[in-house]
Amino acid sequence: MSKLTPAQKRRLARAYSRAASAELAAQRERRRYVRHVREVKEREFKRLRAIALILSLPFVLLLAIVLFLSWYILVIRLLWNSSSLIIIP
């Protein structure tokens with residue numbers, strides 16, 4: 001085995017330092033990318049949720065009207081059949 005000269009040791013230490021810095025920079029970039037992707041997905045989910053809410057409101061209102069009318073008709077039929085004295089216009 002050959003011994004390293006002081007200059008070679010310095011170069012080797014700088015190479016290790018650069019490699020460590022590059023690894024840290026790569027980790028930072030990965031974290032930044034993951035954070036960006038998460039934010040994009042969150043924005044897309046909020047947008048789609050808003051669209052779904054807007055599209056579902058007419059159906060909910062229609063369902064409420066249908067249910068109200070069906071209960072109203074059911075009550076009228078029950079009252080009509082239960083007594084002939086009740087006159088419903």
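## One turn of helix α1: F68 and Y72

F68 and Y72 sit 4 residues apart in helix α1 (residues 6–82), so about one helical turn separates them. Helices here are DSSP runs of H or I, at least four residues, numbered from the N terminus. This is a predicted model, where local features need pLDDT of at least 70, side-chain atom pairs count only at pLDDT 80 or more, and totals for chains, interfaces and linings use all residues. Residues are numbered from 1 along each chain as its sequence is written, and side-chain values use heavy atoms, leaving out hydrogens and water.

The structure has 1 aromatic pair (ring centres within 6.5 Å). That pair is F68 with Y72, stacked (planes under 30 degrees apart) at 6.2 Å centre to centre and 15 degrees between the planes.

## Salt bridges

The count comes to 4 salt bridges (a Lys or Arg side-chain nitrogen within 4 Å of an Asp or Glu carboxyl oxygen). One of them joins E44 and R47 at 2.8 Å, N to O. These two are 3 residues apart in helix α1, about one helical turn. E44 is partly exposed at 35%, and so is R47 at 44%.

K46 and E42 also meet in a salt bridge, at 3.5 Å; they lie 4 residues apart in helix α1, about one turn. Then there's E23 with R30, whose closest N and O atoms are 3.5 Å apart. Both ends are partly exposed: E23 at 40% and R30 at 46%.

Note on methods. Phe/Tyr/Trp six-rings, centres within 6.5 Å; stacked < 30°, edge-to-face > 60°. Buried < 20%, exposed > 50% of the residue type's maximum accessible area, 1.4 Å probe, protein only.
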